[in-house]
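Please find below my notes on the model under review. They are set out as numbered points, to be read alongside the coordinates.

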Amino acid sequence: MSEQRFASRFLLPGAVWLLLFFLVPLGILLAISFGTTDDLGNSLYGWHPSNYADAFDPLFAPVLLRSVGYAFATVVLCLVIGYPIAYYIARFGGRRKNALIALVVLPFFVNYLVRTYAWVAILGDEGVFNGAANTNIRFLNTPYAVVGGLVYGYLAFMILPIYAALDRMDPALIEAGKDLYGSRWNTFRHVTFPHTFQGVLAGGVLVFLPAVGDFVSAQLLGGPDEYMVGNLIQQQFFAAENWPFGAALTTLMMGFLLIFMVMYLRSAAKASREATA
Amino acid sequence: MSTVAEAPAAVTPERAATRPPKDFDRPRFLRLFAWLFYLVMFAPIALVVLFSFNSTRSLQKFDGFSFRWYERFFESESLHSSLQASIEIALVTMVVATALGTLLAYGLVRARTRWSGAANILMLVPLVTPEIVAGVSALLLFTQIGLNLSLTTIMLGHITFSISYVTVVVRGRLASLGPEVENAALDLGATRWQTFRLVTLPELWPAVLAAGLLVFALSFDDFVMSFFTTGESPQPLPVRIWSAIRFGVTPTINAIGSFMLAISLVTVGLALLLPRLLGRKESAVGVLLGREGA
């Protein structure tokens, strides 16, 4: 038996599983998004593109825009916070590098709900902060709280790829930039940042994708005025019982995000080719 | 710095002397920023753990140490069955996803067939798909084929999103191994299967075990997929936390959250320590993150 044939059999179980439980469900999602419901709220197949038109109804369109806006703000904040942290660990972490990066990942393994809920306890009107500082600041139910929750939830996704890019980069390049009389800022702008741009791009997409679909932060830290598309989808499935509309919203979101997914997968494929070459 | 030209007079000689040299020292600002970052990252977690031991209901003031919220957690029959359900789901997910993911990784690295490219994309897309999309489509699949929502449907959903993590971790290890050792085994008369079992798999063990533990932690903590695929009862812990939080803040949640944190820490700690326990020198973080980064 040739190596090719032997190894290709190993592909089968995993690929078939993903086909059946990942790809086929996406097809069903698409089919139901054009469907309608009967009087009992059961989904029926059909051809009702109006589900998609409804998504852009003045009632729902602001929610879609808000989701993109919040997710974009989250990416920008994650970059502004995450780049210096990745830079600090990669350049000045020394022997503790691995420990420091593990500490970045660690909060990620605390349940996301519990972490978000902890912020409710801290920032609530009668929370730890207002109690300790004896103030009366309204943090919750604001866009800042929702975006803050998203940043807190997904920051690790930004730091890891940037750290990986910085760690791979030869520090001699930075020295060279300074030897050539580049100021700190110019060295960063013309040498360090371009060298780690792939990492920044990867981090941006890895934060943006889950942030657009998030509904936990808006539900717990915000309110109906801060709801994102994820909240809307969740409502269609568990409160409004309009599954076809929920499916249409999900498909719409997936379609929009597909551009970013393809962008990420192409750059990841390129990076892994370069690494093996 | 671009503003140097504007304010050179402000830098008096003695200030310039106390300022560290510009190059490869540790910039104080960055260091301070990093400390602040870690503080903010861990403050909420520390708070949850601290108040899980509070003797009163207060979430503002620590009134003394007690285990009462843990007692309440473990004495509640329904929470107990939820914990059991979460562990059961995570164990099954770990075993099945690790097996499927490892085989897939081997196939992707060693086989170059017409289907490899497609299989590779099929493996990568779940990693970048928002959980809510995967959750909604899994729910639609199960209702369309008439499968009742239960622990089984949660397991199916968890396995689906976990396979890719295993494949990425194991593939990184496999790629760094190279085919030379396997070829040597084949030259010495081993069959393909013997080579895989006796040569490749032992070399892969650290990555396979680390990936399995990672999957356990991911599954145990997962909320979104569980939320969309869960039946009435028993529901896994994160789903219970979600319903509880919406009815207001109670200290029992702190106890559940802290307990889940402990389980995740043990799992991740094991995953990080395993390569060392098995006598390998490689960095555990490197094994886990693979070359692929996230």
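1. In this predicted model, the secondary structure of chain A consists of 13 helices and 2 strands. Along the principal axes, the C-alpha atoms of chain A occupy a box of roughly 75 × 75 × 30 Å.

2. Chain A has 277 residues, of which 46% count as buried. Where contacts in chain A link residues at least 6 apart in sequence, 69% of them join residues at least 24 apart.

3. The contact between the chains draws on 81 residues of chain A and 76 residues of chain B. On the side of chain B that touches chain A, helix α2 (residues 28-52) of chain B supplies the largest share, 12 residues. By residue class, this side of chain B comprises 53 nonpolar, 13 polar and 10 charged residues.

4. The largest nonpolar core has 163 residues, and those touching the most other members are A86(A), I159(A), Y163(A), L104(B), V136(B), A211(B) and L214(B). Helix α7 (residues 143-168) of chain A contributes the most to this core, with 18 residues.

5. I159(B) lies in helix α7 (residues 151-177) of chain B. I159(B) counts as buried because 25 other C-beta atoms lie within 10 Å, the cut-off being 20 or more. Beyond its neighbours within four places in sequence, I159(B) is in contact with T93(B), V96(B) and A97(B). The C-alpha atoms of I159(B) and I89(B) are 9.4 Å apart in space, although the two residues are 70 residues apart in sequence.

Methods: Residues are numbered from 1 along each chain as its sequence is written. Chains are lettered from A and ligands numbered from 1 in the order in which they are written. This is a predicted model: local features need pLDDT of at least 70, side-chain atom pairs count only at pLDDT 80 or more; totals for chains, interfaces and linings use all residues. Two residues are in contact if their C-beta atoms, placed from the backbone, lie within 7 Å. Helices (H or I, at least four residues) and strands (E, at least two) are DSSP runs, numbered from the N terminus. Ala, Val, Leu, Ile, Met, Phe, Trp, Tyr, Cys and Pro count as nonpolar, Asp, Glu, Lys and Arg as charged, and the others, Gly among them, as polar. A residue is buried if 20 or more other C-beta atoms lie within 10 Å of its own, exposed if 12 or fewer, and partly exposed in between; C-beta atoms are placed from the backbone. A nonpolar core is a set of buried Ala, Val, Leu, Ile, Met, Phe, Trp, Tyr and Cys residues joined through C-beta atoms within 7 Å.
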